[in-house]
Structures are given as structure tokens and as C-alpha cells.
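Dear colleague,

Please find the structure below, handed over for your reference.

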Amino acid sequence: MAVLIAAGSAATLAPTAVAGTAEQSRVVELVNQARAKAGCGAVTTDARLTNAAQKHSADMANRSYFDHTSPNGVTFAKRITDAGYPSPGAENIAMGQTSADQVMDAWMKSAGHKANILNCSLKTIGVGVEPNGWYWTQDFGR
């Protein structure tokens, strides 16, 4: 399931900003806390998913769009498989939140995003954040 959320309505690859590394790791920590409360196992970070997520966050910022599908038609599943990960699971995106805690709060208040985060069949995660506009991406794998 892919769902969208905007403001108001750990990573194994270097993000575009040094601050992103701590924020990316914090998102993974918060995801795993929520999953533990729901009885799910922890997700582990995967460099391929992190790469796909970071590139999508940067692309949305650079091309000024907010969608799971890029302007040239590339879907989240295609981005994930192109990054070398064989089993795409789900994607959450957000825009405008300036911290991991803020974005996780927003995602957990959205039924679709929460469902992705608490989907026990998803085993891996990659998180991307682009501080230029605060574009966030969570890519999950099976």
C-alpha cells in the first residue's frame, strides 16, 4: 500500500545532509518501537532500500513534486528493484516535518502509513530525508 501525507494535513548510506543521518536512524528506532508494541519483529536497515528512499526524497525536492510516482512514471516498486532489492513491500512519504519524531507522529496518525509501519510481513527498511523542503521517504522490503 502506498499512501501520501504532507505536513499539516539506521541508514547505511550517507544522506544529502549530515543532519539526515541522525534523523534517518531515529526514524528506524521509532518504527521499531511502534512495531514492538504491536507485536511485530524489528525491521533492519538495508543499504539498497536506503539508497532508493534517499534518491526519491532528493528527486522530489529537486523537481518540486510530492508523489510515489516520479514525473517520468517511475513507481516506488521500480525504484526499489532498480536499487537491487528484489522484494518491494511498501512506501511512505511525507513533506514538511523537520524531525524524525514529527514525521513519525504524522505517519502514525494516518491509517495507511501506520498500516505499512506495523505490517509484520515487512522485514527491512530504508529511510531517506532531504532537508531542502523536508521530503521524507520510508521504503520497506519483504
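Leaving aside neighbours within four places in sequence, Ile 125 is in contact (heavy atoms within 4.5 Å) with Val 28, Val 31, Val 43, Thr 44, Thr 45, Asp 46, Leu 49, Thr 50, Gln 138, Asp 139 and Phe 140.

Please note that this is a predicted model, in which local features need pLDDT of at least 70, side-chain atom pairs count only at pLDDT 80 or more, and totals for chains, interfaces and linings use all residues. Residues are numbered from 1 along each chain as its sequence is written, and side-chain values use heavy atoms, with hydrogens and water left out.

Ile 125 also belongs to the largest nonpolar core, which has 19 residues. Such a core is a set of buried Ala, Val, Leu, Ile, Met, Phe, Trp, Tyr and Cys residues joined through side-chain atoms within 4.5 Å; buried means under 20% relative accessible area, exposed over 50% and partly exposed in between, with a 1.4 Å probe and protein chains only. Among the residues with the most contacts inside this core are Val 31, Trp 107 and Trp 136. Helix α1 (18–37) is one of the elements that give two or more residues to the core, and α1 gives the most, with 5 residues. Helices (H or I, at least four residues) and strands (E, at least two) are DSSP runs, numbered from the N terminus.

A search of the whole structure finds 1 aromatic pair (ring centres within 6.5 Å, taking the six-membered ring of Trp; stacked under 30 degrees between planes, edge-to-face over 60, otherwise tilted). Trp 134 and Trp 136 form this stacked pair, at 5.9 Å centre to centre and 25 degrees between the planes. Trp 134 is partly exposed at 21%, whereas Trp 136 is buried at 0%.

Yours sincerely
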